[in-house]
Amino acid sequence: MNVYFHTFGCKANQYDTDRVRQAFDANGATVVDDPALADLAVINSCTVTNESEVKLRRLVRHVAKSGNAQTIVMGCAAALDDGVIAALPSVRAVVANADPAMVLRAAGFDDVGAQHAAPLRSTKTRALLKIQDGCDEHCTFCATTLARGNNRSRGVSDLIDEARQLAEHHAEVVLTGVHIGTYGTDVRGASCVVRSLGGLVEALIEGVPSVRFRLGSVEATEVDDTLARLLIDSPRNLAAHLHAPLQSGSNRVLKRMGRHWYTAESYRARIEWLAERLPVFGLGADVIAGFPGETDADHDASLTLLHALPFTYLHVFPFSVRPDAPAARLPGQLPPEVIRERAREQRELGEAKAAAHRQCRTGQAADGVVTGHRKGQIEVMTEDYLSVYLDTDLWDGRPRFEVTVN
């Protein structure tokens, strides 16, 4: 069986797709890059924005027109499907999660059992390690909690074992999940159990000192003292980079979003404390433009905070109504043109900050990991999340080396 895979959404989804791909490989399937050559397409879906679901439906229709492949849709949008996805052309099954055994059964494999094979070797030098799944919070704009369920942390020993296997073929391991800052808070039992993200990262560094770990998206106020110390004192082991979702710089809007665990002030205090102590610091954030009820003053508060903090890039999302999320029912829905304009302002600010950070770093040395190849060049990612491109003939083949930012 020839199988085509495609992933929408976050790094947690990418990890899940890799595990399903691995399960198909172990059961004799051949992975192909062209849906026209496939007998089966497996698409991992995302429900964060309306645009992601539009793209999903477009791809499913494209697969149906490209050849004879049937399609299995799995993941977050699949978990919330009300029959729309299932009714798309050539859809064989909609699987409400990304469990490899369930996807294999949906594809027609029998007696697959549980899938616990070792991670596949990849041509990439960065690997993903999902440390937890689910989320206990209930942000009013988000349907992911409905799709993913409550926080569930993986065991430390299992994570160390998987990280060791990944370290055999990868120079960097990215820790990912849905809400990684709550790692361990669901654990009950013996006092020796790790109950924090900082404790886990400390254990991973001790157990697998040969790789550089990088945090995926993590809340600024969930960077505890242990994690802060590792960021400051262990730059070879933990990349000096945070992607810390902000969403809004207005406390009033944060409250409407259901993001009760921080304020604009507490977010700013933690980031400024870290920035003062890190000579190199990559800092990104997610921001939602045009949330229901957002006033001009709220928007200005976001811009003020974004200006004040040392962001090196921004991911700006125009507010998108998710029918399953409470924000769809909030009063004060803004006109599309207002949302687009506010998103444009925030994106322009993000682009200016990214350019300024790169200019500041140009000519400086960085700790680089090779992440890809393109047109006679290699792409190298620095500790602070900058991409540097070098001619392939100047590369000695090492996956990690000191590079000068250009």
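A charge is taken to sit over a ring if NZ of Lys or CZ of Arg is within 6 Å of the ring centre and within 35 degrees of the ring normal. In this predicted model, Arg21 meets that description, lying over the face of Phe5 at 5.1 Å from the ring centre. A second case involves Arg374, whose charged end sits over the ring of Tyr389, 3.8 Å from its centre.

A search of the whole structure finds 6 aromatic pairs. One of them joins Phe5 to Phe24 in an edge-to-face arrangement, with 5.7 Å from centre to centre and 75° between the planes. This pair links distant parts of the chain: Phe5 belongs to strand β1 (residues 2–7) and Phe24 to helix α1 (residues 11–26), and the two are 19 residues apart. Phe5 and Phe24 are both buried. Another pair is formed by Tyr262 and Tyr267, whose ring centres are 6.1 Å apart; their planes stand at 45°, so the pair is tilted. Tyr262 is buried, because its relative accessible area of 4% is under the 20% cut-off. Tyr267 counts as buried as well, at 1% relative accessibility. Returning to Phe5, this residue forms one aromatic cluster together with Phe24 and Phe109.

Helix packing comes next. Two packed helices are described by the angle between their axes and the distance between the axes. For helix α6 (residues 156–167) and helix α7 (residues 197–207), the angle is about 40° and the axes are 10 Å apart. That angle makes α6 oblique to α7, and α6 passes α7 in a right-handed crossing. On the α6 side, the contact is made by Val156, Leu159, Ile160, Ala163 and Arg164. Their counterparts on α7 are Leu200, Ala203, Leu204 and Gly207.

Helix α7 packs with helix α8 (residues 225–233) too, at an angle of about 40° and with the axes 7 Å apart. The two helices are therefore oblique to each other, and the crossing of α7 and α8 is left-handed. Here α7 contributes Leu197, Gly198, Gly199, Val201, Glu202 and Ile205 to the contact. From α8, the contact residues are Thr226, Leu227, Arg229 and Leu230.

Terms used. Residues numbered from 1 in each chain as written. Predicted model: local features only at pLDDT ≥ 70, side-chain atom pairs only at ≥ 80, totals over all residues. Heavy atoms only, no water. Phe/Tyr/Trp six-rings, centres within 6.5 Å; stacked < 30°, edge-to-face > 60°. Helix = DSSP H or I, 4+ residues; strand = E, 2+ residues; numbered from the N terminus. Buried < 20%, exposed > 50% of the residue type's maximum accessible area, 1.4 Å probe, protein only. Axes fitted to C-alpha atoms, helices over the stretch in contact; angles between N-to-C directions. Parallel < 35°, antiparallel > 145°, perpendicular 65-115°, else oblique. Left-handed = near helix turned anticlockwise from the far one by under 90°. Contact = heavy atoms within 4.5 Å.
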